[in-house]
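Dear colleague,

Please read the notes with the structure open beside you.

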Amino acid sequence: MDETEFWEIVDSTREAAEGDPEEQADLLVERLLQLDPDSVLDFARHFESRYSRAYTWDLWGAAWVLLDGASDDAFDYFRCWLIGQGREVFEGGVHEPDRLAELLGEFDEEIDGDGEDLGYAADEAYEQLTGVVAPDLGLPQQAAEPEGTPVDFEDESLLADRYPRLWRRFREGG
């Protein structure tokens with residue numbers, strides 16, 4: 001599976017789920033069940049490599065602003081959700097997190113920002129196809145700490161300065 005096919009699967013399931021990440025995860029499992037086990041592992045490698053790439057302080061700060069706080073687990077689930085938003089939103093958000101203010105459409109705090117189930121979809125599909133737990137993907141371990149310079153999440157003026165567009169849209173109601 002190449003990168004284009006990976007993103008096509010992500011996009012088609014998101015569109016069919018009308019943006020609901022739990023529904024998208026269910027549809028993703030259904031879609032992956034149509035593939036052979038090696039292709040499911042390829043999908044998992046694409047997903048995991050992006051998940052690790054998004055482990056940055058800059059993106060965590062953006063998630064903090066967007067979600068009005070983001071614990072370790074919440075940031076993990078946010079990264080899964082961000083992948084589920086498709087290539088343009090993911091790449092734009094990782095490259096310049098403050099751009100998420102423009103890249104994201106409607107944002108429902110009840111369902112958006114939490115893609116925990118998306119992170120398990122490939123594992124679930126693989127296990128259903130083979131009857132065994134997915135093997136190690138052979139990817140490097142995620143770093144112990146996010147990449148970049150740590151962000152003081154409690155300093156609202158720093159967050160407002162660092163993420164002005166996100167701050168205006170999601171904190172000031174702009």
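To begin with the charged pairs, Glu-96, Asp-98, Glu-102 and Arg-165 are linked in a network of salt bridges, where a salt bridge is a side-chain nitrogen of Lys or Arg within 4 Å of a carboxyl oxygen of Asp or Glu. By this rule the count comes to 12 salt bridges.

Before going further, please keep in mind that this is a predicted model, in which local features need pLDDT of at least 70 and side-chain atom pairs count only at pLDDT 80 or more, while totals for chains, interfaces and linings use all residues. Residues are numbered from 1 along each chain as its sequence is written, and side-chain values use heavy atoms, with hydrogens and water left out.

Among the salt bridges is the one between Glu-3 and Arg-50, whose closest N and O atoms are 2.9 Å apart. This pair links distant parts of the chain, since Glu-3 belongs to helix H1 (residues 3-16) and Arg-50 to helix H3, 47 residues apart; helices here are DSSP runs (H or I, at least four residues), numbered from the N terminus. With a relative accessible area of 7%, Arg-50 is buried, whereas Glu-3, at 31%, is partly exposed; buried means under 20% relative accessible area, exposed over 50%, and partly exposed in between, with a 1.4 Å probe and protein chains only.

Helix H1 also holds Arg-14 and Asp-11, which lie 3 residues apart, about one turn of the helix, and whose side chains meet in a salt bridge of 2.9 Å, N to O. Arg-14 counts as buried because its relative accessibility is 16%, while Asp-11 counts as partly exposed at 24%.

A further salt bridge joins the side chains of Glu-156 and Arg-171 (3.7 Å, N to O). Glu-156 lies in helix H9 (residues 156-162) and Arg-171 in helix H10 (residues 164-171), so the pair ties together parts that are 15 residues apart in sequence. Both residues are partly exposed, Glu-156 with a relative accessible area of 47% and Arg-171 with 22%.

Helix H2 (21-32) and helix H8 (121-130) are the elements that give two or more residues to the negative patch, and the largest share, 4 residues, comes from H2.

Asp-114 sits in the loop between helix H7 (100-103) and H8, and at 39% relative accessibility it counts as partly exposed. Asp-117 has its place in the loop between H7 and H8 as well, and is partly exposed with a relative accessible area of 37%. Not counting residues up to four places away in sequence, Asp-117 touches Glu-22 and Ala-25, contact meaning heavy atoms within 4.5 Å.

Lastly, Thr-56 is found in the loop between helix H3 (37-53) and helix H4 (57-67), and counts as buried at 10% relative accessibility. Leaving aside its neighbours within four places in sequence, Thr-56 is in contact with Phe-75, Pro-146 and Glu-147.

With best wishes
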